[in-house]
Amino acid sequence: MLEVNKGYKSGFISIIGRPNSGKSTFLNRVIGQKIAIMSDKPQTTRNKVQGVLTTDKQQMIFIDTPGINEPRHKLGDFMLKVAKNTLREVDAILLMVDSTDRIGKQDRYILEMLKGNETPVFLVMNKIDLIHPDKLLSVIESFRKEYDFADVLPISALEGINIEKLLEVLTGYLPEGPQYYPADQVTDHPERFIISELIREKVLHLTHEEIPHSIAVVIEKIKREEDSEMIRINATIMVERDSQKGIVIGKKGALLKEVGVRARKDIEMLLGTKVFLELWVKVQKDWRNKKIHLRDFGFRDDEY
Ligand SMILES: Nc1nc2c(ncn2[C@@H]2O[C@H](COP(=O)(O)OP(=O)(O)OP(=O)(O)O)[C@@H](O)[C@H]2O)c(=O)[nH]1
């Protein structure tokens, strides 16, 4: 699942902009029925995953970046740093603007925060259904004077104008990458995080120093078996190097098996039912670079 298939693209996209600019309307429009609203993410998550758009060619993960819209005095230095770091690590940023508004103090504040950041920023001029094209051009001009946008994309989130075009442009900026979320995932499972942590804990316990804490466990599937109380869980342990894969699997699979036995016991306690746990180990070279994102997905990071 998390292997990078050649040509498959995936990435994290931060949607920022003033309140009322149409961010929610946009997300609903983009993702519609396909939305996987991650409303039950653990409270510790910093950036909320708002929706995942999966096709056979790409996966776009839209995240909310708290703190961006706040005036500076309301933010601690730490939060500000966190927000800035996030914006540096996503693959694209959509700055959503209500085209009927003039550029304002808050927009300037956001643009100021983006300066020096190399992530492509797209100016999304929303609500074009409400504005004359001539006026639109002058508003765009006032924004472009302030920032070097990767592209300017006029849309109407409400009426669905130019949405496909926007996605197409965005796709061009996504890197090749794995499918982070299963395609069929409609809602996130609240126990998902705890289960992944239980498995991760067993791996770390049984491997000592050789395996860094940055390993992650991705729960691919949690499914109740038909006609039985048994729950089937498929999980992948992500490591960074082949050598680590060998360690986690162990001689003739002994270590992985032990991880499975111990984790299964705990998970059965947690869920109060029999569990069939299937574990895989995969090497994902770029894993560490995606660390920030993964933390947002509910993976703990002890170094943070
Ligand atoms: N005419 C028109 N109205 C829109 C469009 N997009 C959003 N709106 C309206 O603008 C208002 C604000 O939209 P939201 O999607 O809630 O805005 P938001 O940016 O998510 O707002 P916050 O949650 O406060 O940050 C709503 O009444 C929407 O119906 C559009 O393209 N055209």
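Two residues are taken to be in contact if their C-beta atoms, placed from the backbone, lie within 7 Å. Axes are lines fitted to C-alpha atoms, for helices over the stretch in contact, and angles run from 0 to 180 degrees between N-to-C directions. The structure is a predicted model, in which local features need pLDDT of at least 70 and side-chain atom pairs count only at pLDDT 80 or more, whereas totals for chains, interfaces and linings use all residues. Residues are numbered from 1 along each chain as its sequence is written.

Helices (H or I, at least four residues) and strands (E, at least two) are DSSP runs, numbered from the N terminus. Helix 7 lies across strand 8 and strand 9, at about 155° to strand 9. Helix 8 (residues 254-271) also lies across strand 8 and strand 9, and its angle to strand 9 is about 135°. These strands belong to an open sheet of three strands with the order 7-8-9 and mixed pairing, where two strands pair if DSSP finds at least two bridges between them. Because strand 7 (216-224) and strand 9 (275-283) are at the edges with a single partner strand each, one side of each has no neighbour in the sheet. From one strand to the next, the twist averages 15°. Strands 8 and 9 run parallel and are joined by nine bridges; arginine 232 stands opposite phenylalanine 276 in strand 9.

Glutamate 240 is placed in the loop between strand 8 (231-239) and helix 7 (242-249). A residue is buried if 20 or more other C-beta atoms lie within 10 Å of its own, exposed if 12 or fewer, and partly exposed in between. Glutamate 240 counts as partly exposed because it has 19 C-beta neighbours inside 10 Å.

A nonpolar core is a set of buried Ala, Val, Leu, Ile, Met, Phe, Trp, Tyr and Cys residues joined through C-beta atoms within 7 Å. The largest such core has 37 residues, and Ile13, Ile61 and Ile93 are among those with the most contacts inside it. Strand 4 (residues 92-98) supplies the largest share of this core, six residues. A second, separate core of 23 residues includes Val218, Val248, Val275 and Leu277.

Around the ligand there are 15 residues, of which Pro19, Gly22, Ser24, Thr25 and Leu158 come nearest; a residue is near a molecule if its C-beta atom, placed from the backbone, lies within 6 Å of it. Helix 1 (residues 23-31) gives the most to this shell, with three residues.
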